[in-house]
Amino acid sequence: MRVEAELVETASAPKSFEEQFKNPQFVEVNGAKVKIVDLVPEKPISQIPIIFAPGWSETTTTYKNSLKHIYREGYRVISFDHPRRGSTAAQMPGVPEVEAKKVQNLQAVLKHKNITQADFIGHSEGALHVAVAATEDPT
């Protein structure tokens with residue numbers, strides 16, 4: 001029994017911030033790949049993750065220090081990079097296509113990560129995407 005318990009502990013040992021940051025996931029959205037970083041601290045202080053929506057032309061690398069700060073405070077934080085090329089957007093009435101693409105990226109990240117409840121930080125244009133996504137699907 002002792003060996004099994006040690007194996008389970010070893011297998012579930014948390015990865016460091018750097019390990020998690022350097023090993024992103026990807027989800028395909030409208031023909032392009034969205035890079036996702038999902039940073040989970042060893043002992044999260046909340047089960048509700050924080051979604052960090054990037055501003056115009058920014059990436060997870062740009063926000064690395066901010067993401068690290070949130071992680072160190074004990075929160076799971078998820079952020080993503082918008083693809084630079086290759087995607088098309090389903091039409092969203094009243095929303096320009098370039099913004100619709102980014103809203104749909106955010107929605108796809110939430111779906112891919114099975115997030116049904118979250119707190120959001122939207123930096124600059126990212127705040128617009130969060131607001132439009134919440135309007136489109138307030139659940």
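The protein contains 5 helices and 5 strands. Helices (H or I, at least four residues) and strands (E, at least two) are DSSP runs, numbered from the N terminus. Along the sequence they follow the pattern α-α-β-β-β-α-β-α-β-α. The model is predicted: local features need pLDDT of at least 70, side-chain atom pairs count only at pLDDT 80 or more, and totals for chains, interfaces and linings use all residues. Residues are numbered from 1 along each chain as its sequence is written, and side-chain values use heavy atoms, with hydrogens and water left out.

The mean pLDDT (the predictor's confidence in each residue, from 0 to 100) is 87. A value of 70 or more is reached by 86% of the residues. Residues 1-13 stay under 50. For this stretch the model has 0 contacts beyond four places in sequence; contact means heavy atoms within 4.5 Å. Across the protein, contacts with a separation of 6 or more were examined, and 73% of them join residues 24 or more positions apart.

Of the 139 residues, 39% count as buried. Buried means under 20% relative accessible area, exposed over 50%, and partly exposed in between (1.4 Å probe, protein chains only). In soluble globular proteins, nonpolar side chains tend to be buried together. A nonpolar core is a set of buried Ala, Val, Leu, Ile, Met, Phe, Trp, Tyr and Cys residues joined through side-chain atoms within 4.5 Å. The largest such core has 20 residues. Val 34, Ile 36, Ile 51, Ile 78, Phe 80, Leu 106 and Val 109 touch the most other members. At least two residues each come from strands S1 (25-29), S2 (32-39), S3 (50-53) and S4 (77-81), and from helices H4 and H5 (125-136). H4 gives the largest share, 6 residues.

Phe 80 illustrates the packing. Neighbours within four places in sequence aside, Phe 80 contacts Val 34, Lys 35, Ile 36, Ile 51, Phe 52, Ala 53, Pro 54, Thr 60, Asn 105, Leu 106 and Val 109.

Helix H5 was examined next. H5 has 12 residues and reaches 17 Å from its first C-alpha to its last. That is close to the expected 16 Å, the expected span being 1.5 Å times one less than the number of residues. Glu 125, Gly 126, His 129, Val 130, Val 132 and Ala 133 are buried in H5. The buried residues of H5 pack against S3, H4 and strand S5 (119-122).

Side chains of opposite charge can pair when their charged atoms come close. The structure holds 6 salt bridges, each a side-chain nitrogen of Lys or Arg within 4 Å of a carboxyl oxygen of Asp or Glu. One of them joins Glu 18 and Lys 64 (2.9 Å, N to O). Glu 18 lies in helix H2 (residues 17-21) and Lys 64 in helix H3 (residues 64-72), so this pair ties together parts that are 46 residues apart in sequence. Both ends are partly exposed: Glu 18 has a relative accessible area of 26%, and Lys 64 has 21%. Lys 68 also forms a salt bridge with Glu 18, with the closest N and O atoms 3.3 Å apart. Here Lys 68 in H3 and Glu 18 in H2 are 50 residues apart.

Another salt bridge joins Glu 125 and Lys 102, with the closest N and O atoms 3.0 Å apart. The pair links H5, which holds Glu 125, to H4, which holds Lys 102, across 23 residues. Both residues are buried. Glu 99 also lies in H4 (residues 97-112). Glu 99 is buried yet has no salt bridge. Its nearest side chain of opposite charge is Lys 102, 5.0 Å away; Lys and Arg count as positive and Asp and Glu as negative, while His and the chain ends are not counted. Residues up to four places away in sequence aside, Glu 99 touches Glu 125, Leu 128 and His 129.

Backbone angles were also examined. Most residues other than glycine have a negative phi. Asn 30 is not a glycine, yet has a positive phi of about 50°. Asn 30 sits in the loop between S1 and S2 and is partly exposed, at 32% relative accessibility. Ser 124 likewise has a positive phi, near 55°. Ser 124 is in the loop between S5 and H5 and counts as exposed, at 54% relative accessibility.
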